[in-house]
Amino acid sequence: MSSRPTDMRKGCEGLAELVRESMGHDPHSYNDVFIFYSKDCHIVKILHYDLNGYVLYVKWFDDGCFLKPVFFSIKRSHDISRETLILLLSTAVQTKLII
């Protein structure tokens, strides 16, 4: 997960470049997904690579916004579990999530 807001005009290749350059990860990893969010946290993009190429999921929050978790350490990117991702993208009303 990106530790700071991302320009949501970027597509698959632009986000893959951010993964390579800023986050220091391989965007072609089959086991990883990369999460990016807008400055106002109303848009989230999830980048994944499968056998046929990149898959880009986009979620717009009509009510509320993406709850950016608070991490204990300062890094360029953070690992989160599948369950945490589902919680972050759910429509449940939350105020804070500390990982």
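From the N terminus onward, the elements of this protein follow the order α-β-β-β-α, giving 2 helices and 3 strands. Helices (H or I, at least four residues) and strands (E, at least two) are DSSP runs, numbered from the N terminus. What you see is a predicted model, in which local features need pLDDT of at least 70 and side-chain atom pairs count only at pLDDT 80 or more, while totals for chains, interfaces and linings use all residues. Residues are numbered from 1 along each chain as its sequence is written, and side-chain values use heavy atoms, with hydrogens and water left out.

Let us turn to the aromatic rings. A pair of aromatic rings is described by the distance of the centres and the angle of the planes. Rings of Phe, Tyr and Trp (its six-membered ring) pair if their centres lie within 6.5 Å; planes under 30 degrees apart count as stacked, over 60 as edge-to-face and the rest as tilted. A search of the whole structure turns up 2 aromatic pairs. In one of them, the ring centres of tyrosine 30 and tyrosine 49 are 5.9 Å apart and the planes stand at 35°, so this pair is tilted. Tyrosine 30 sits in the loop between helix H1 (12–23) and strand S1 (33–37), and tyrosine 49 belongs to strand S2 (residues 43–50), so the pair ties together parts that are 19 residues apart in sequence. The rings of tyrosine 49 and tyrosine 54 have centres 5.1 Å apart and planes at 75°, so they form an edge-to-face pair. Together, ring pairs link Tyr30, Tyr49 and Tyr54 into a cluster.

How covered are these tyrosines? Buried means under 20% relative accessible area, exposed over 50%, and partly exposed in between (1.4 Å probe, protein chains only). Tyrosine 30 has 47% relative accessibility, so it counts as partly exposed. Tyrosine 49, at 18%, is buried, and tyrosine 54 is buried too. Across the protein, buried residues make up 36% of the 99 residues.

Finally, look for the largest pocket. A pocket is found on a 1 Å grid over the protein atoms alone, as an open set of points where a 1.4 Å probe fits, with protein on both sides within 12 Å along at least five of seven lines; lining residues have an atom within 4 Å of a point. The lining of the largest pocket has 20 residues, with Asn31, Asp32, Val33, Ile80 and Leu85 nearest its centre. S1, S2 and helix H2 (82–89) each supply at least two lining residues, and H2 gives the largest share, 4 residues.
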